[in-house]
Amino acid sequence: MNYTVVNREVQIGDIYLTAVTSSSIFLIGDADVIQLASAFDTPPESLIVGPFVPLTPKGS
Amino acid sequence: MKRLSVVQLLNSKTFLLSSVLQIGDSREINARSNVLAVQRQYELFYGSEGEVTFPVFTKPIPTLDVPVSVQTYRLHESPVISVRSIYLIAASTASVVHIGSTSTVKGETRIKHIRQLAESTSPQASTRMTKDG
């Protein structure tokens, strides 16, 4: 399969960004391959209400 | 052949936690970060915490392979990408702000978030542990 991209003139004015985080990329330019992934674990079970028990320490 | 990136003004405040401002071309970017975020209602920290590995940090994340069967041709009619100005407050957690071209970008972030609140006065309130440790 052949895939042709024609990039004509690109002229951008002002970019306002608050934040770029978590292995994301803000790119002004060309790239061949971009592979980004993220895993975010905040299940309801991760909310612990009760005595402040320590997280599982090493070796237990 | 890659295009030239022209930015007249970059105004950024903060780069933290292994984030990068790259001005100029690069070949390969590999950005990784693991975050264990524990929030407690009161200031409390037991020294030996967080040394155990949570599944979110070890589970393999499947990647989408680039199909080699697709032949891509890029024609740059204009050799310049022009930007007048960029206002950026912050870049964080192994992120990249890149002015210029690159070839391969790989990034992976894994975040485990745990919140601990003090027991409420209600007798119904019970202790709940995280399911995966």
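Modeller: A salt bridge is a side-chain nitrogen of Lys or Arg within 4 Å of a carboxyl oxygen of Asp or Glu. By that rule, six salt bridges cross the interface of chain B and chain A.

Biologist: What kind of model is this, and how are residues and chains labelled?

Modeller: This is a predicted model, where local features need pLDDT of at least 70, side-chain atom pairs count only at pLDDT 80 or more, and totals for chains, interfaces and linings use all residues. Residues are numbered from 1 along each chain as its sequence is written, chains are lettered from A and ligands numbered from 1 in the order in which they are written, and side-chain values use heavy atoms, with hydrogens and water left out.

Biologist: Why is the pair B:K2 and A:D32 called a salt bridge?

Modeller: The N to O distance between their side chains is 3.3 Å. The limit is 4 Å, so the pair counts as a salt bridge.

Biologist: Which elements of chain B give two or more residues to the side that touches chain A?

Modeller: They are strands 1, 3, 4, 5, 6 and 7 of chain B. Strands here are DSSP runs (E, at least two residues), numbered from the N terminus. Strand 7 of chain B gives the largest share, 14 residues.

Biologist: How many residues are in contact?

Modeller: Contact means heavy atoms within 4.5 Å. Chain B brings 85 residues and chain A brings 58.

Biologist: What is the area buried between the chains?

Modeller: About 6500 Å², with 54% from carbon and sulfur atoms. Buried area is the accessible area (1.4 Å probe) that two parts lose on being put together, summed over both.

Biologist: What makes strand 3 of chain A and strand 6 of chain B a pair?

Modeller: Two strands pair if DSSP finds at least two bridges between them. Four bridges join these strands, so they pair, and they run parallel. A:F26 stands opposite B:V97 there.
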